Every structure is written in C-alpha cells, then in structure tokens.
Amino acid sequence: MQNIQWEKEVDVIVLGTGGAALSAAIAAADNGASVLVLEKTHQIGGTTAYSGGVPWVPLNHYMKDQGFSDNREQVIAFIKRLTLGRAEESMIERFVDKGHEIFKFLDEEAQVRFKTPKTYPEYYRNLDEALKDGTRSLDPVPFDLNLIGDWGMHLRQNPIFPPLTLEEGGAIGSIDFTVVAERMQNNIVTMGRSLVGSLFKACLDRGVETLLNIAGKELIMGENGEVIGLIAETSEGEKKYFKANNGVILASGGFEWNKQLTKAFLKMDITHPVSPPGNEGDALMMAMKVGAALDNMSEAWWYPAMVDPTFEYEDNVMAQLGNGRNGPNSIVVNKHGRRFAHEGTTYNDLPRTFFNFDPVNIEFPNEAPVWLIFDQQLKDRELIITMTPGDPAPDWVDQAATLQELAEKVGVNAENLIDEVAKWNGYCEQQEDPDFHRGTIQFENLTGGGGNPEANLGKIEKGPFYALPIYLGALGTNGGPKIDGNGRVINFAGQPIQGLYAAGNASANPLGPIYPSAGGTIGPAMVFGFLAGEHAAKTTLVKSEV
Amino acid sequence: MPQGTHTLSVPLSIETIWEFVQDMNNWAPLVPGYIEHEILNENESTWAFKGDLGFMKKTVKLKIDIKEWNEPSAVIFDLSGLSDNFKGGGYFKAEKVSDNETLMTGNLDITAGGMMGPMVNQILVKFVPQTATELTEAIVTKLCEDNNVPV
Ligand SMILES: Cc1cc2nc3c(=O)[nH]c(=O)nc-3n(C[C@H](O)[C@H](O)[C@H](O)COP(=O)(O)OP(=O)(O)OC[C@H]3O[C@@H](n4cnc5c(N)ncnc54)[C@H](O)[C@@H]3O)c2cc1C
C-alpha cells in the first residue's frame with residue numbers, strides 16, 4: 001500500500017446517489033468535510049429517483065404544522081409491535097429521536113422540503129399501537145429540475161410514477177393527466193425525482209463533487225484495520241484509487257440485482273426486482289471482505305410485482321407495481337387455485353406468505369407466480385398495471401368466458417378455482433370473509449377510510465374473467481452490514497470498523513424487517529445516511545502510515 | 001398533435017425512389033425498432049415495433065391503411081394502434097428537382113387517446129418527429145447505398 005497513486009484525496013467518499021448517499025454527502029459537507037460522491041451508473045438518483053420519494057419520519061415538524069400530534073412512546077411501541085423483537089431498541093430510539101431533527105435541518109438549511117400528505121394515512125392504522133389521525137409520511141414538494149442545470153438530464157427517469165405528488169394521486173391512480181402533461185412540459189418533477197433533485201441541489205450548493213459511471217469496488221485498509229481509501233472502476237474498466245481521510249460511506253443500494261447473492265441469502269429468489277438495475281450488492285461484498293457483521297440478510301422490501309411485457313427499462317422487461325388486488329371483484333390464488341392470504345395487505349406483507357412451507361406435501365404451495373383473478377366489473381373500473389378501463393384488454397392478459405377455461409389457460413387447478421370463487425361470492429353475500437378477513441384492515445382501502453365489506457368484498461361474476469400473474473418482486477433488499485447509531489459498520493466482535501459507514505439498502509435496516517408505512521425505507525435511509533455523514537466529517541481517525 | 005416532417009435531397013431520380021417506396025417490404029425493416037410486419041393486402045398491413053422513448057422502450061402493434069398511392073410522388077396512409085390507444089397517419093412524398101435529384105419528405109402524425117392520452121402525447125411530442133427523421137434518413141441512406149451514390 002506504500003506507493004499508491006491517488007487519483008484524488010478527500011475527507012469523505014460516498015458511494016451511490018440515492019437518498020442515503022446524498023443525505024450523507026450533505027451532512028458531511030455541512031460539517032466541513034470535502035466530499036466525493038461516486039455513482040456506478042450513468043444517472044443520479046438510484047432507486048430513490050425511481051420511487052415515490054416518500055420518507056416516513058415520526059414526530060416531524062410538517063405534521064405539527066398541519067395540526068397532527070405524535071408521541072415518542074407511541075411511535076416506539078408501534079415500531080416494536082411490527083418488528084416482533086427483530087430490531088434493537090437503541091436503534092429504534094435513535095431513529096425516532098434524530099429523524100425529525102434531521103428533516104427540520106433539511107427543510108431550513110438545505111431547502112429539501114416536503115408536505116404532509118393529509119389524505120394518505122398510515123398503512124397499519126387498524127393496529128392499536130398505530131397513529132390514528134394524520135400520517136408520518138412526507139410528500140416531496142414539486143421541484144423545478146432547471147435548478148440543477150445540466151445535471152437535470154442525468155437525473156434518473158421515473159417510468160413508474162407520473163409527475164404528481166402523492167397527495168395528487170401520483171401513487172394511487174386517480175390521475176389528472178393534463179396536469180401531468182403540463183409538468184412534463186415545464187420540467188417540474190415530483191416524488192422520487194423531486195427528492196433527489198432537491199438533495200442533489202443541496203450537494204451542489206455545498207461544493208460536493210459527483211462522478212458518474214464509476215463504481216466503488218474494494219476498500220483500502222490501513223495497518224490499524226481502518227479504511228483509508230477505495231479502489232473504484234470506471235465503466236471502461238479503468239481502476240482509480242481514491243484516498244479518504246475520514247471515511248467511506250457505503251450507500252450504494254441493495255443486492256436485488258445480483259443472482260448469486262439473492263440465492264445465497266433470501267428465502268426465495270427475487271425474480272422481479274422493481275428497482276432499476278445497478279444495485280448488485282457491491283457494498284455488501286466490500287463490507288464482507290473487511291469483516292463486517294451482517295444482519296437482516298433474508299429480508300427485502302417485498303413487492304407483489306406485475307408485468308406488462310410490452311414495457312422495457314434498461315433492457316429488462318419492467319416489473320411494475322400493478323394493482324387490483326385490494327378491491328371488490330378480485331381474489332388472489334395459488335397454483336392450486338386456492339386463496340392463501342388476505343389479498344389487500346401491504347405490499348411488503350403479502351409476499352411473505354409466498355414462503356409458507358407445506359410439510360405434508362413437501363412444497364411451497366404459494367410460490368410465485370400466484371394469480372390475480374378478476375372479472376369484467378374490475379376491468380371496467382380500475383387501471384390495472386397499464387390496462388385502462390374502457391379499452392379492450394391487451395393480448396398479454398389471459399381472459400376467458402368461463403373460470404374453467406381461464407384456469408386451464410393459465411395452468412391453475414380449475415375445480416379448486418371454481419370452488420374458491422363460489423366460496424368468495426358467498427362471503428360477499430354474507431359481507432364477511434371468515435377465511436382471510438378481507439374488509440378489515442386499513443391498507444386495503446387506504447385512502448377511502450380503511451377496509452370494510454362494502455368497499456372490499458365484491459363478487460367475481462361478470463365475464464369475461466381475467467388472470468394476471470403476480471411475481472415475487474422487491475423494491476430493494478434491506479439486509480447488509482450491521483451499523484451502529486452513527487452509521488458505523490460493526491465487525492463480528494461488535495466493534496466499529498474505523499472509517500467505514502453504511503446506510504440505506506447497502507446496510508442492514510436498523511428497524512429490522514419492517515415497512516411501517518409509506519416512506520418506511522427512505523426515512524431510515526436518509527436518517528442514518530445523514531448521521532453517517534455527520535460522524536465521518538467530525539472524526540479524526542488514528543491513521544496508519546501510508 | 002405530435003407530428004414530425006423531415007425532408008432530404010436525394011441524388012436519384014423520382015422513378016428510382018418510387019420503385020423503392022412503393023414496396024413496403026423494402027423499407028419496413030428501416031423503421032426504428034422494427035420487429036415484424038405482415039402485408040394483408042395491397043393497402044393494409046400490420047406492424048410491430050419497439051419504440052425507444054428514451055427512458056424506456058415500448059412494444060406496439062399497429063395497422064397501416066394506405067389511403068393513396070400517387071405514383072410517382074406520394075404514398076399517404078392512416079395508422080391505428082392495435083395494442084394501444086393511438087391513431088394518426090403520415091406520408092412519403094417525392095418531388096422532382098431534376099432528372100437525378102429528388103426531394104424526399106417523410107411525415108408522421110400520431111395522437112394517443114384514452115385516459116392517459118394527454119400524458120402519452122407529451123412523450124410522443126419528442127418521439128414522433130425523431131422517428132420521422134430517422135426513418136426518412138434511413139430510407140435515403142439505403143437508396144443511396146443500393147444505387148451506389150454517395151449519401
Ligand atoms: C417503484 C418504487 C417506489 C418506491 N417508493 C418508495 C417510497 O415512496 N418510499 C420509500 O420509503 N421507499 C420507496 N421505495 C423503496 C426505495 O426507493 C428504496 O428502498 C430506497 O430508495 C433505497 O435508497 P438507497 O439510497 O439505499 O439506494 P438507491 O436509491 O438504490 O441508490 C443506490 C445507488 O448506488 C449506486 N451504486 C450501486 N453500486 C455502486 C457502486 N459500487 N459504486 C457506486 N455507486 C453504486 C446505484 O446505481 C444507485 O444509484 C420504492 C421503490 C420502488 C422501486
């Protein structure tokens with residue numbers, strides 16, 4: 001390590017340009033560090049730009065301004081209720097106590113701004129411990145992309161959400177497409193693009209340097225076991241050495257696009273990552289190599305993904321969010337033609353039922369693809385993936401005049417499917433679903449006041465009948481190197497690895513395997529990214545001779 | 001109404017150009033993102049291609065109805081989406097400048113309908129003129145190559 005030709009020397013190196021990375025860069029720069037951000041792809045923003053851009057932040061000041069109250073003890077009890085003992089209390093408290101302070105700072109000092117989406121309640125509102133009035137989710141305010149000049153062209157496009165805010169219906173489908181057209185014309189972005197746009201602007205304002213098409217590959221360690229730099233590789237395959245005086249922050253996303261890693265760590269393979277390609281577990285591999293402890297490794301931000309095969313994103317058929325499984329006139333069945341879960345649970349929870357093992361028949365009966373079965377009434381009412389009400393069903397959607405024919409077409413047990421639909425229709429008549437309790441939870445009628453039989457139970461009776469496959473998807477993985485309350489990566493002895501930090505999907509989620517509500521991933525990613533940046537900037541490492 | 005027109009000067013006679021343009025099989029593969037086409041009869045054909053919208057690619061199927069074959073100067077057609085809700089039309093026109101110079105113009109005009117129409121049209125505003133330009137240029141390049149004249 002004696003004769004390294006450093007390409008550049010800075011205080012803090014950040015890998016990635018998503019929410020975790022840019023929050024880290026802002027905090028580090030604000031605390032006086034020189035900061036270099038490296039991004040592997042040709043675009044800034046990662047999954048964050050591609051996302052709804054919503055962070056979940058307990059006790060935030062936007063809520064207070066809207067007259068909603070929140071309570072520290074209640075939030076902690078709520079998070080613990082969801083984690084089922086799988087997260088450390090100190091990390092939960094750290095998140096709850098620091099999150100709102102950081103978002104106040106971002107608002108006041110960095111012009112990274114949000115609104116409380118009043119009409120978008122908490123996903124688990126039906127639980128006793130949940131917030132009943134208001135929401136802890138935050139909706140990025142529209143951002144004028146012209147403010148970041150030419151960088152605007154490099155901001156990752158978002159083919160999933162139109163340029164509307166969450167409250168304007170950007171994520172739920174009741175969309176005014178003329179507003180969308182106007183925003184597109186004027187370069188006004190919302191959701192994930194707005195969040196990344198405003199974070200990136202704050203980085204530019206602080207003199208943070210960003211390089212594209214260059215991936216962090218390997219950490220360079222000093223003799224005291226501390227991180228002193230990084231080897232990176234350009235998209236042309238050229239190696240570059242960067243010196244980091246204070247530390248390296250791994251914020252380069254999860255490993256959902258790396259088959260070797262998903263096979264090794266997850267319960268089942270994510271066949272349909274919903275995130276953009278690029279997150280290939282580079283941070284995880286770098287951290288493993290230097291002895292990081294790992295946590296939460298079998299978890300991901302699960303999503304029951306659907307596909308319109310006529311759409312491609314960066315050379316892959318694009319996995320989409322889909323919908324239609326919450327409301328009346330639809331059920332979800334497994335390959336045996338049987339319902340197996342409450343169809344309208346949160347997107348993170350439904351796929352967890354795909355992993356159930358049947359110890360008698362020795363099989364995973366619910367292994368994806370499972371099938372959304374619906375009738376013409378739903379088709380006439382809702383936008384399903386890209387299929388608009390009123391337009392004829394495209395040829396990639398299986399449809400048939402009878403359930404028997406439909407089941408045969410898609411390879412599902414027909415007798416069971418017919419039986420299951422008859423049972424479902426009976427439950428609709430009696431306005432109660434004793435099998436899986438549709439019509440009882442908040443998420444299945446999220447913005448309409450919560451689940452109830454009228455809103456969520458409706459017969460499947462009007463042909464033609466339709467079937468769409470639902471795949472095991474994920475918005476990202478959330479296992480990785482274990483971190484402490486300052487975002488420092490911990491080794492197997494429980495000690496921080498000096499100069500090494502991680503945040504967001506590149507780290508183990510500090511809240512464990514939970515998705516508490518809209519923003520449950522970006523909230524902790526930004527908070528622990530920020531804490532990592534702040535700590536790295538303030539740290540003076542005990543350096544070995546280089 | 002997203003539309004685009006592109007004109008190029010070609011160092012070939014109008015008859016040579018007509019000869020090429022009047023048979024769809026000659027230029028179909030030059031359509032950007034071409035996947036396949038099927039000629040149903042003299043005036044009707046179906047097409048599949050993958051449009052590159054910049055931030056994503058979309059496979060579409062459409063039908064072309066030739067409205068006018070005006071030898072040797074124009075082919076005018078209507079188009080309608082089979083896989084998606086859009087319609088429009090276009091033309092190729094050739095205008096004689098001299099015995100071995102012709103102005104060739106390609107035009108495309110596509111409007112999306114339905115609920116998402118206003119949004120899709122914003123995307124088409126860039127895509128349609130770009131496709132009209134690329135197709136016209138590709139045809140001229142092919143014509144010049146086939147006839148051994150510099151582009
Ligand atoms: C459609 C969709 C909607 C979503 N909506 C929400 C939402 O509203 N709220 C919410 O909380 N969550 C949401 N999520 C999940 C959320 O987007 C992610 O969990 C979160 O953005 C991850 O942030 P991150 O900063 O950890 O990583 P990312 O945003 O993925 O950024 C990682 C970056 O690192 C880069 N990178 C990878 N390897 C390297 C390397 N070796 N060197 C340098 N750079 C590298 C990647 O290219 C990428 O740009 C959504 C996800 C999707 C797909």
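The legends below describe close-up views of a predicted model.

**Figure 1. The two domains of chain A.** Chain A is divided into domain 1, which covers 10-254 + 478-538, and domain 2, which covers 302-474. Their C-alpha centres are 32 Å apart. Across the boundary, 20 residues of domain 1 of chain A are in contact with 16 residues of domain 2 of chain A. The size of an interface is often given as the accessible area lost when the parts come together. Between domain 1 and domain 2 of chain A, the buried area is about 1,500 Å². Carbon and sulfur atoms give 57% of that area.

**Figure 2. The second largest pocket, with lining residues from both domains of chain A.** Rolling a probe the size of a water molecule over the atoms shows where empty space is left. The volume of the second largest pocket is about 440 Å³. Its lining consists of 20 residues. Those nearest the centre of the pocket are Leu82(A), Tyr124(A), Leu127(A), Asp349(A) and Arg352(A). Sorted by class, the lining has 10 nonpolar, six polar and four charged residues. Domain 1 (10-254 + 478-538) and domain 2 (302-474) of chain A each supply at least three of the lining residues.

**Figure 3. The cis peptide bond between Gly463(A) and Pro464(A).** Omega for this bond is about -5 degrees. Pro464(A) belongs to the loop that runs between helix H13 (453-456) and strand S18 (465-477) of chain A.

**Figure 4. The cis peptide bond from Glu71(B) to Pro72(B).** Here omega is near -5 degrees. The loop that holds Pro72(B) lies between strand S4 (57-70) and strand S5 (74-81) of chain B.

**Figure 5. Gln111(A), a residue with positive phi.** Most residues other than glycine have a negative phi, and most peptide bonds are trans. Gln111(A) is not a glycine, yet has a phi of about 55 degrees. This residue sits in the loop between helix H5 (89-110) and strand S3 (114-115) of chain A. Gln111(A) counts as partly exposed because its relative accessibility is 44%, and partly exposed covers values between the 20% limit for buried and the 50% limit for exposed.

**Figure 6. Glu314(A), a non-glycine residue with positive phi.** The phi of Glu314(A) is about 45 degrees. Glu314(A) is placed in the loop between strand S13 (300-313) and strand S14 (316-320) of chain A. With a relative accessibility of 32%, Glu314(A) counts as partly exposed.

Definitions and conventions
Residues are numbered from 1 along each chain as its sequence is written. Chains are lettered from A and ligands numbered from 1 in the order in which they are written. This is a predicted model: local features need pLDDT of at least 70, side-chain atom pairs count only at pLDDT 80 or more; totals for chains, interfaces and linings use all residues. Side-chain values use heavy atoms; hydrogens and water are left out. On a 1 Å grid over the protein atoms alone, a cavity is a set of points where a 1.4 Å probe fits but cannot get out, and a pocket is an open set with protein on both sides within 12 Å along at least five of seven lines; lining residues have an atom within 4 Å of a point. Grid points are joined across faces, edges and corners, and a volume is the space filled by probe spheres set on the points. Ala, Val, Leu, Ile, Met, Phe, Trp, Tyr, Cys and Pro count as nonpolar, Asp, Glu, Lys and Arg as charged, and the others, Gly among them, as polar. Domain bounds come from an automatic or database domain assignment. Helices (H or I, at least four residues) and strands (E, at least two) are DSSP runs, numbered from the N terminus. Buried means under 20% relative accessible area, exposed over 50%, partly exposed in between (1.4 Å probe, protein chains only). Contact means heavy atoms within 4.5 Å. Buried area is the accessible area (1.4 Å probe) that two parts lose on being put together, summed over both.
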